[in-house]
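Biologist: I have not seen this structure before. Could you take me through it in questions and answers?

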Amino acid sequence: MKVTYHGQSTVTIETNGQHIVIDPFFSGNDKAMTKPEDVKADFILLTHAHADHMADAETIAKSTGATIVATHELATYLSFKGLNVHPMNIGGQFEFPFGKVKMTQAFHSSSIIDEEKQTIMYMGMPAGFLLTIEDKLLYHAGDTALFGDLALYGAHHDIDLAFLPIGDNFTMGPEDALIAADMLQANAVVPIHYDTFDLIKQDAKSFCDELEAQGQTGHPLAIDESLEL
């Protein structure tokens, strides 16, 4: 299995001929090195509806025929655009061709903002994902604050790789992410959701050094850098 980080919260996974994209944000991200038209996708997983997590979901889904997995409200909204969707909700799980997806809670918000009309459409709860693929367990926290139930995930799941936001301001920052990592006790952690904008600039290497100091492994992946699991 090949896991690649593309900046912000965008992660792609290649496994057994299947391509999964989580929170595609390429075209609106000045730091992204990949163009949405070059992305292969069988499934697109969306943690929530903010533009920096789903900006390219429609484009990629239309060009590839990928199925979008999202909360019921967001999936329904995207189905109105003629896209293939699979609705889920917090706590539910489903077996897909590539593996099992369990939708977890996240403490954040979820909406689609139309700046021209100055309207905001709320899109249900934000989410994270526990992904069981090739006997490995991956956790993508989505955008979230620190919350106590992360300890339950760590106690009841042997997580191989966790993606945790560290940007602060909109999500938990490095200090809270260190606590989250300790709760999860994942074998390795990749920091996400940082440096894309000035408001969320962080030192990922310093964060991973702090992880090492508390006995955990951190991978401060560069844009388009991959891990093999």
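Biologist: Is Asp 209 buried, partly exposed or exposed?
Modeller: This is a predicted model, and the label follows from the computed accessibility. Residues under 20% are buried and those over 50% are exposed, with partly exposed in between. The relative accessibility of Asp 209 is 41%, so Asp 209 counts as partly exposed.

Biologist: Which residues do salt bridges that share partners join into one network?
Modeller: Glu 58 forms a salt bridge with Lys 62, with 2.8 Å between the closest N and O atoms. The side chain of Glu 58 also meets that of Lys 81 in a salt bridge, at 3.7 Å from N to O. Glu 58 takes part in both bridges, so by the salt-bridge rule of 4 Å the network consists of Glu 58, Lys 62 and Lys 81.

Biologist: How many residues apart are Glu 58 and Lys 62, and what does that make in helical turns?
Modeller: Glu 58 is partly exposed, with a relative accessible area of 26%, whereas Lys 62 counts as exposed at 53%. Both lie in helix H2 (residues 57-64). Because they are 4 residues apart in that helix, the separation is about one helical turn.

Biologist: Where does Lys 81 lie, and how many residues separate Glu 58 and Lys 81?
Modeller: Lys 81 is partly exposed, with a relative accessible area of 36%. The salt bridge of Glu 58 and Lys 81 has an N to O distance of 3.7 Å. The pair links distant parts of the chain, with Glu 58 in helix H2 and Lys 81 in the loop between helix H3 (72-79) and strand S6 (85-88), a separation of 23 residues.

Biologist: Which strands stand at the edges of the open sheet?
Modeller: The sheet has 6 strands in the order S7-S8-S11-S12-S13-S14, with mixed pairing. Each edge strand has a single partner strand, so one side of each is left without a neighbour in the sheet. The two are strand S7 (93-96) and strand S14 (189-192).

Biologist: How many bridges join S7 to strand S8?
Modeller: Strands of a sheet pair through backbone hydrogen bonds, either parallel or antiparallel. S7 and strand S8 (residues 99-105) run antiparallel, and Phe 96 stands opposite Gly 99 in S8. The number of bridges between S7 and S8 is 4.

Biologist: What angle does the direction of helix H5 make with that of S13?
Modeller: Helix H5 (residues 174-184) packs on the sheet. It touches strand S12 (136-140), strand S13 (161-165) and S14. The angle between the directions of H5 and S13 is about 155°.

Biologist: Why is the pair of Phe 43 and Phe 96 edge-to-face?
Modeller: The structure holds 7 aromatic pairs. The ring centres of Phe 43 and Phe 96 are 5.4 Å apart, and planes over 60 degrees apart count as edge-to-face. The planes of these two rings stand at 65°, so the pair is edge-to-face.

Biologist: Which parts of the chain does the pair of Phe 43 and Phe 96 tie together?
Modeller: Phe 43 counts as buried at 10% relative accessibility, and Phe 96 counts as buried at 6%. Phe 43, Phe 94, Phe 96 and Phe 98 form one aromatic cluster. The pair ties together parts that are 53 residues apart in sequence, because Phe 43 lies in strand S4 (residues 43-45) and Phe 96 in strand S7.

Biologist: Is Gln 8 buried or exposed?
Modeller: Most residues other than glycine have a negative phi. Gln 8 is not a glycine, yet its phi is positive, about 50°. Gln 8 sits in the loop between strand S1 (2-5) and strand S2 (11-15). At 0% relative accessibility, Gln 8 counts as buried.

Biologist: Is Asp 135 buried or exposed?
Modeller: Asp 135 is not a glycine either, and has a positive phi of about 65°. Its place is in the loop between strand S11 (127-133) and S12. With a relative accessible area of 79%, Asp 135 is exposed.

Notes: Residues are numbered from 1 along each chain as its sequence is written. This is a predicted model: local features need pLDDT of at least 70, side-chain atom pairs count only at pLDDT 80 or more; totals for chains, interfaces and linings use all residues. Side-chain values use heavy atoms; hydrogens and water are left out. Buried means under 20% relative accessible area, exposed over 50%, partly exposed in between (1.4 Å probe, protein chains only). Two strands pair if DSSP finds at least two bridges between them. Contact means heavy atoms within 4.5 Å. Axes are lines fitted to C-alpha atoms, for helices over the stretch in contact, and angles run from 0 to 180 degrees between N-to-C directions. Rings of Phe, Tyr and Trp (its six-membered ring) pair if their centres lie within 6.5 Å; planes under 30 degrees apart count as stacked, over 60 as edge-to-face and the rest as tilted.
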